Amino acid sequence: MENFPIGVMIARGDLAIETGWKNFAIIQEEILQLCDAAHLPDIWATQVLENLAKKGIPTRAEITDAAMAQRADCVMLNKGPYIEKAVRMLDKIIRKMQRIQKKKRTLLPKLEFSETF
C-alpha cells in the first residue's frame, strides 16, 4: 500500500443498488470492519446532514447517519447554503458520540440520569 494510497467510500445509495436493500446495512458494517482490519481509511458518505446543508433543517434520519458516521475515519458532506451549520452540527454530534463509543466499541459511561434514581 506504500505506492498506492487508497480509501474506501461507503455510499449507502450506491451500495444498495449494487447489493440490494435486504443486506446493505450488514454489508456497510462489514466494509467498516474490513477497512479497520486492513488499515484502510473509510469514508462515510451517506448523504450525511444533506437536508440541513441544503435547506437549513436536518431530518431525524440524518441525525442518526451523523451519529453512525463517528465510526468511520472520514465523513463526506454535500455542499449547500447551510454547509457551515451542517459542519458545526456534525462536529457536535460526533464529539458526543465519541464519549460513548470508540469506532465500533461501546465505552459505557455512567448514565447521566442515574443520579435521580
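Helices here are DSSP runs of H or I with at least four residues, and strands are runs of E with at least two, numbered from the N terminus. Counted that way, this predicted model has five helices and five strands.

**Overall picture**

- Reading from the N terminus, the elements follow the order β-α-α-β-α-α-β-α-β-β.
- The protein has 117 residues, and 30% of them count as buried.
- Its exposed surface comes to about 8500 Å², with carbon and sulfur atoms supplying 59% of that area.
- Taking contacts between residues at least 6 apart in sequence, 66% join residues at least 24 apart.

**How α1 and α2 meet**

- Two packed helices are described by the angle between their axes and the distance between the axes.
- For α1 and α2, the axes come within 10 Å and cross at roughly 115°, and the crossing is right-handed.
- On the α1 side, the contact involves Arg-12, Leu-15, Ala-16 and Thr-19; these meet Phe-24, Ile-27, Gln-28 and Ile-31 of α2.
- An α-helix has 3.6 residues a turn, so residues three or four places apart point the same way.

**Helix α4 and its cover**

- Helix α4 spans residues 60-68, and its buried residues are Glu-62, Asp-65, Ala-66 and Ala-67.
- What lies over these buried residues? The cover includes the helices α1 (12-19), α3 and α5 (83-100), along with the strand β2.

- Most residues other than glycine have a negative phi, which makes the next two worth a look.
- His-39 is not a glycine, yet its phi is positive, at about 60°.
- You will find His-39 in the loop between α2 (24-38) and β2 (42-44).
- Is His-39 buried or exposed? His-39 is exposed, with a relative accessible area of 72%.
- Gln-47, also a residue other than glycine, has a positive phi near 55°.
- Gln-47 sits in the loop between β2 and α3 (50-55).
- With a relative accessible area of 48%, Gln-47 is partly exposed, because that class takes in values between the 20% limit for buried and the 50% limit for exposed.

Note on methods. Residues numbered from 1 in each chain as written. Predicted model: local features only at pLDDT ≥ 70, side-chain atom pairs only at ≥ 80, totals over all residues. Heavy atoms only, no water. Buried < 20%, exposed > 50% of the residue type's maximum accessible area, 1.4 Å probe, protein only. Contact = heavy atoms within 4.5 Å. Axes fitted to C-alpha atoms, helices over the stretch in contact; angles between N-to-C directions. Left-handed = near helix turned anticlockwise from the far one by under 90°. Areas by Shrake-Rupley, 256 points an atom, 1.4 Å probe, with all protein chains shown as cover.
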